[in-house]
Amino acid sequence: MATKRKIENAPNPDSAQTIRGLDLPTYDGAGLRIGIVSARWNSIVCDSLVAGAVEALTSCNVTDITIEHVAGSYEIPQAAQVLLDSGRFDGVICIGCLIKGGTMHFEYISEAVTQGIMRLNLDYKVPVIYGILGCLNEEQAKERAGVNGAGHNSGKDWGITAVESCLLTKKYRKVLGS
């Protein structure tokens, strides 16, 4: 059973009133097994996002949480695939942070990681949450991760989303008998 609770929207950088944010219910995810794969690159931001995801999962009664780290965001889809291949997880949250620089590297990595994570969702039919920040600068990354009290920690949204997606998947797997 879900009850509505509002998570504050992140402040809009241009100070205009924002409509961003989710109206996130509270879910009971007791018994769910969630894996988190996080990049070590941009670790200040990624560590904060992981902490936010774990906080949200815990608030939904999820106690079986496994955290694995990889070098960077490019390695995340393959590591998530390893977790999925184990058959041990009801869902996986992928956490990384890409910050645009002066070369095309940002675009190549962003596209590859995005396509890899989507492919895992479709191929495995298990929720794989896209928690990859794509930011123009470090300040945007810190705001999206709630670093030093700035902005909102998006990891919390991803934790709740993982529980919601896993419960939806389990609900219809039972109906379909798989």
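## Cysteines and the parallel sheet

Tutor: In this predicted model, the count of disulfides is 0.

Student: What makes cysteine 97 and cysteine 135 too far apart for a bond?

Tutor: A disulfide needs two cysteine sulfur atoms within 2.5 Å. The closest cysteine sulfur to that of cysteine 97 lies in cysteine 135, at 5.0 Å, so the pair is too far apart for a bond.

Student: Why is cysteine 97 called buried?

Tutor: Buried means under 20% relative accessible area. Cysteine 97 has 1%, so the residue counts as buried.

Student: And cysteine 94, buried or exposed?

Tutor: Its relative accessibility is 0%, so cysteine 94 is buried.

Student: How do you know that β3 and β4 pair?

Tutor: Pairing takes at least two bridges between the strands. Strand β3, residues 33-39, and β4 share 7 bridges, in the parallel sense. Across this pair, isoleucine 36 faces isoleucine 67 of β4.

Student: What is the strand order of the open sheet?

Tutor: The 4 strands run β4-β3-β5-β6, with parallel pairing.

Student: Why do β4 and β6 stand at the edges?

Tutor: β4 (64-70) and β6 (128-135) each have a single partner strand, so one side of each lacks a neighbour in the sheet. From one strand to the next, the twist averages 15°.

Student: Which helices pack on the sheet?

Tutor: Helix α1, residues 43-59, packs there and touches β3, β4, β5 (91-99) and β6. Its direction makes about 155° with that of β5. Helix α4, residues 138-145, also packs on the sheet, touching β5 and β6. The direction of α4 makes about 145° with that of β6.

Note on methods: Residues numbered from 1 in each chain as written. Predicted model: local features only at pLDDT ≥ 70, side-chain atom pairs only at ≥ 80, totals over all residues. Heavy atoms only, no water. Buried < 20%, exposed > 50% of the residue type's maximum accessible area, 1.4 Å probe, protein only. Helix = DSSP H or I, 4+ residues; strand = E, 2+ residues; numbered from the N terminus. Axes fitted to C-alpha atoms, helices over the stretch in contact; angles between N-to-C directions. Contact = heavy atoms within 4.5 Å.
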